[in-house]
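Please study the sequence and the structure below, then read the points grouped by topic.

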Amino acid sequence: MATLYLASTHNIPGKFKNDEKIPSFCCECGIQPIPNEGLKTLRSDSMFTDIPTAILNRMKFLEEKDEKDRKDGTSHWHRLRQITPDTGRFIALMAAATPKGNWIEVGTSAGYSSLWISLACRQLSNTLTTYEIFPAKVEQAHETFSEAGVEDVIHLVEEDALKGLKEINDVSFCFLDAEKDVYLRCYELVIPRMVSGGILIADNATTHKEDLSMMIGRALTDERVDAMVVPVGKGELVCRKI
Ligand SMILES: C[S@@+](CC[C@H](N)C(=O)[O-])C[C@H]1O[C@@H](n2cnc3c(N)ncnc32)[C@H](O)[C@@H]1O
């Protein structure tokens with residue numbers, strides 16, 4: 001059980017000292033301090049309040065690169081085309097809530113979304129297998145995972161996911177973020193390979209609603225899953241295997 005210090009995460013250094021009367025709850029966040037040990041909290045192992053600096057630095061680097069790519073005319077295949085940071089938090093939360101099983105991602109790019117999922121990997125002592133087909137992106141993703149120190153929890157596979165997905169079973173989490181024309185085929189490969197309670201999330205359900213209409217329609221009427229589109233980031237289709 002890790003102990004987080006409120007003074008660093010809540011920006012109130014020195015507000016309470018050991019010899020002062022400590023209130024029942026921190027006035028700013030409602031978390032209970034532990035008397036005589038300064039400002040400590042009973043919360044532990046949070047995915048988001050204690051992200052390692054190496055991961056934060058690489059996330060920032062990739063966010064800036066993605067923004068630049070979008071403005072400077074970088075070609076479709078070379079652009080990073082990453083998820084938004086709130087989608088990152090969302091997929092990490094969803095992954096951390098899944099039952100036991102294998103976690104996969106279709107469409108690594110330079111590894112930004114994988115970094116978010118790596119936070120959940122640490123939480124549940126699980127690993128992520130992520131598929132990327134484009135060699136230049138594979139190179140950048142290797143650099144990301146090495147610099148961020150997450151190579152032990154992320155297994156990067158340079159392969160067409162349509163081939164790789166046929167070899168994996170007992171899937172409890174899948175994040176789908178590739179070319180739109182492979183979504184439906186990936187969906188049909190993954191759903192039968194999922195454990196009950198497993199979660200599949202597909203990005204761009206709102207921004208590419210027309211391109212993905214077949215796949216979204218299939219999921220929303222599929223008796224094997226409960227599904228809905230949630231207004232996070234670019235629109236996330238969330239399916240839970242029954
Ligand atoms: C939208 S980007 C992924 C962004 C990434 N998820 C992120 O947020 O950091 C889509 C990626 O999927 C890859 N891709 C497309 N089709 C693929 C396939 N059949 N198998 C594996 N990767 C694929 C592309 O090369 C591209 O890098």
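**Helix packing**

In this predicted model, helix 2 (residues 53-71) and helix 5 (residues 135-148) have axes that come within 8 Å and cross at roughly 150°. Because angles over 145 degrees count as roughly antiparallel, helix 2 is roughly antiparallel to helix 5.

- On the side of helix 2, the contact involves Ala 54, Ile 55, Arg 58 and Leu 62, which meet Thr 144, Glu 147 and Ala 148 of helix 5.
- Sorted by class, this contact between helix 2 and helix 5 comprises four nonpolar, one polar and two charged residues.

- Seven strands form an open sheet in the order 3-2-1-4-5-7-6, and their pairing is mixed.
- Strand 3 (154-158) and strand 6 (225-230) are the edge strands, each pairing on one side only.
- On average, neighbouring strands of this sheet are turned by 15° against each other, direction ignored.
- Strand 1 (residues 102-106) and strand 2 run parallel and are joined by four bridges; Ile 104 stands opposite Thr 129 in strand 2.

**Helices on the sheet**

- Helix 4 packs on the sheet, where it touches strand 1, strand 2, strand 3 and strand 4, and its direction makes about 170° with that of strand 2.
- Helix 3 (residues 85-96) lies across strand 1, strand 4 (171-176), strand 5 (194-202) and strand 7 (236-241), and runs at about 175° to strand 5.

**Surroundings of the ligand**

- The ligand is surrounded by 20 residues, of which the closest are Gly 107, Ser 109, Tyr 112, Ser 113 and Ala 161.
- At least two residues of this shell come from each of helix 4 (112-124), strand 2 (128-132) and helix 6 (161-164).
- By class, the shell around the ligand has ten nonpolar, four polar and six charged residues.

Notes:
Residues are numbered from 1 along each chain as its sequence is written. This is a predicted model: local features need pLDDT of at least 70, side-chain atom pairs count only at pLDDT 80 or more; totals for chains, interfaces and linings use all residues. Axes are lines fitted to C-alpha atoms, for helices over the stretch in contact, and angles run from 0 to 180 degrees between N-to-C directions. Angles under 35 degrees count as roughly parallel, over 145 as roughly antiparallel, 65 to 115 as roughly perpendicular and the rest as oblique. Two residues are in contact if their C-beta atoms, placed from the backbone, lie within 7 Å. Ala, Val, Leu, Ile, Met, Phe, Trp, Tyr, Cys and Pro count as nonpolar, Asp, Glu, Lys and Arg as charged, and the others, Gly among them, as polar. A residue is near a molecule or strand if its C-beta atom, placed from the backbone, lies within 6 Å of it. Two strands pair if DSSP finds at least two bridges between them.
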